[in-house]
Amino acid sequence: MNFVLGTVTLWQRELVRFFRQRSRIAGALGTPLVFWLLLGSGVGQSFSLPTGSGTMDYMEYFFPGTVVMILLFTSIFSTISIIEDRKEGFLQAVLVAPTPRATIVLGKIAGSTSLALIQGMIFMVLAPFALGAAPRSIPLTIGVLALVAFGLTGLGYLIAWNMESTQGFHAIMNLFLIPMWLLSGAVFPIGGAPGWLQWVIRVNPLTYGVSAVRWSMYDAADYLAIGGPAPALALGVTSAFAGIMFVAALAVTIKR
Amino acid sequence: MPVVDVRNVCHSYGAHPALQDVSFAVEQAEIFALLGPNGGGKTTLFRILSTLFPPDRGSVRIFDADIRTQAAEVRRNIGVVFQNPSLDGKLTVRENLIHQGHLFGMHGRSLRTRIAAMMEHLRIADRSGHLVQTLSGGLQRRVELAKGLLHAPRLLILDEPSAGLDPGARHDLWEYLERLRDEEQVTILVTTHLIDEADRASRVLILNKGTVVATGSPHTLKQRIGGDIIAVTSVDAERLRDRVAEKFGLQPALLNGSLRIEKVDGHRFIATLIESFPGMIDTVTLSKPTLEDVFIDCTGHRLWEDE
């Protein structure tokens, strides 16, 4: 009972806080939108798929990657608050409450995942324009987006928990999280990259997240034409990543 | 059985020892003050008592539950008021209290009734719907107190509760703490670096550089000092110190350029002192010993010197 009550209350707090800070919406949804419009229009027609199976507008190729960018930014913005909260804020009181540590982790990750999902879905309104058709199954896309967001928030939580300052988090974001997104097939296809980079892309768990999102939007033949890991592999790695991040976040929280 | 039982607690941050062999007990319905300079180990002790982390060595039992192995039980029995507010500024007063209640397993009508009662007690009912970040420091501290007391803890632990409060708000806070102790038998433990605050406690523990230098009621601690405190300023304080020592067989302390003499019947001694050293004395003040004098007596330096 305490577990559910604690988790729900912390989840609810994340949502309420978010909607009271309008600038966060601009940051997590606005920036990717601008990226998509500018980069998409700039590259435009000069983009071709390395599989050689026809042409694709770059705005269309970049669309799933942009959605994942929204998930990434939302998870960064909501986990960054852990750093200040834990030292001198709301989290201090949560840590001395008789509620299991798992409520702290689950409340935070569920809250952040919900926010990422809401913003991702708002952006999905543009899907018919970008993809030329609606995604093949909206519920499937929602499910995949939730899974990817869950894993990314878990990762953000893991980084933030032991971090002393928000500046440190920004450094990690620029040096690690953004490159992780750049090298995930979100911005350019795996096939077009030089050999060493292809390896980096293959070991990057987010590659599988981006591909899973892309797969959820197309039918099998179209997904095959764009190229990427097999759907089962993409979904498997994404689920495993989410699970591992949750367990690791729980472990660091119990530790201190 | 004491409410708080701390035995031989040691804790260090890397090579720096923060607490060394600290032992004490707090009894039911007393206000117990941990007094000491900043960096003296108070905050470390506060964090250990509030179950944020266990000490490296030693045992801490609260209501006979061990903080290492029975943390959840300890947490149900204690209310913690942090120095840095643990309130969420983006939420209203009521929302903050609702979340706190949920985290302690309270819900529904009983939670709403309790929140209303606490807001009434602490006179914040009219602020119920205000965002916490719009409240003054004094009001925020009251909300913080309501939050710490929401689950009706039997022990309340407060870290520097008067920090950032104006004298009026500080007075209100202490009056409320005394009422809690007297009417509801709540045991209260506060950390403080303020002498007048420690003076209001039932008992005081003086911490310096991580060790306990004295424990007792403010009255008995002050009685330890042999009589009155005479402070003397002089153009040549060092020479005066040597001559006073020579002539009267006393051991005056030299603190920040002024002589500090402990003497029974200080008012009589002052006359003798001035007659003995004409022209050497600029000012003389006579006072009853305070807890700061106890601190100086135990450590040889002032409470603030380490900062």
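Start by selecting Asn8(B), which sits in strand 1 (residues 4-13) of chain B. Keep in mind as you look around that this is a predicted model. Check the backbone of Asn8(B): its phi is near 50 degrees, a positive value in a residue other than glycine. Most residues other than glycine have a negative phi. Is Asn8(B) buried or exposed? Asn8(B) is exposed, because 12 other C-beta atoms lie within 10 Å and a residue with 12 or fewer counts as exposed.

Next, jump along chain B to Asp265(B). You will find Asp265(B) in the loop between strand 13 (258-263) and helix 10 (266-276) of chain B. Asp265(B) is not a glycine either, and its phi is positive, about 55 degrees. Because Asp265(B) has 9 C-beta neighbours inside 10 Å, it counts as exposed.

**Chain B as a whole**

Now zoom out and colour chain B by secondary structure. Along its principal axes, the C-alpha trace of chain B spans about 75 × 45 × 35 Å. Of the 307 residues in chain B, 41% are buried. If you take the contacts in chain B between residues at least 6 apart in sequence, 70% of them join residues at least 24 apart.

**A sheet in chain B**

Strands of a sheet pair through backbone hydrogen bonds, either parallel or antiparallel. In chain B, select the open sheet of six strands, which follow the order 6-7-8-3-9-10 with mixed pairing. Which strands are at the edges? They are strand 6 (78-81) and strand 10 (211-216) of chain B, each of which pairs on one side only. Ignoring direction, neighbouring strands of this sheet are turned by 15 degrees against each other on average.

To see one residue pair, pick Val81(B): its bridge partner in strand 7 of chain B is Leu158(B). Then show helix 5 (residues 137-149) of chain B, which lies across strand 6 and strand 7 of chain B. Helix 5 of chain B runs at about 160 degrees to strand 6 of chain B.

**Where the two chains meet**

Time to bring chain A into view. How many residues of chain A are in contact with chain B? There are 22 of them, in contact with 22 residues of chain B. On the side of chain A that touches chain B, helix 1 and helix 4 (90-95) of chain A each supply at least two residues. Helix 1 of chain A gives the most, with eight residues. Sorted by class, this side of chain A has 10 nonpolar, seven polar and five charged residues.

For the last stop, select helix 1 (residues 2-20) of chain A together with helix 3 (residues 93-103) of chain B. Their axes come within 8 Å and cross at roughly 155 degrees, which means that helix 1 of chain A is roughly antiparallel to helix 3 of chain B. The crossing of these two helices is left-handed. Show the side chains that make the contact: Leu5(A), Gly6(A), Thr9(A) and Arg13(A) from helix 1 of chain A, and His99(B), His102(B) and Leu103(B) from helix 3 of chain B. By class, the residues of this contact are two nonpolar, four polar and one charged.

Key. Residues numbered from 1 in each chain as written. Chains lettered and ligands numbered in written order. Predicted model: local features only at pLDDT ≥ 70, side-chain atom pairs only at ≥ 80, totals over all residues. Axes fitted to C-alpha atoms, helices over the stretch in contact; angles between N-to-C directions. Helix = DSSP H or I, 4+ residues; strand = E, 2+ residues; numbered from the N terminus. Parallel < 35°, antiparallel > 145°, perpendicular 65-115°, else oblique. Left-handed = near helix turned anticlockwise from the far one by under 90°. Contact = placed C-beta atoms within 7 Å. Nonpolar A, V, L, I, M, F, W, Y, C, P; charged D, E, K, R; others polar. Pairing = 2+ DSSP bridges. Buried ≥ 20, exposed ≤ 12 C-beta atoms within 10 Å, placed from the backbone.
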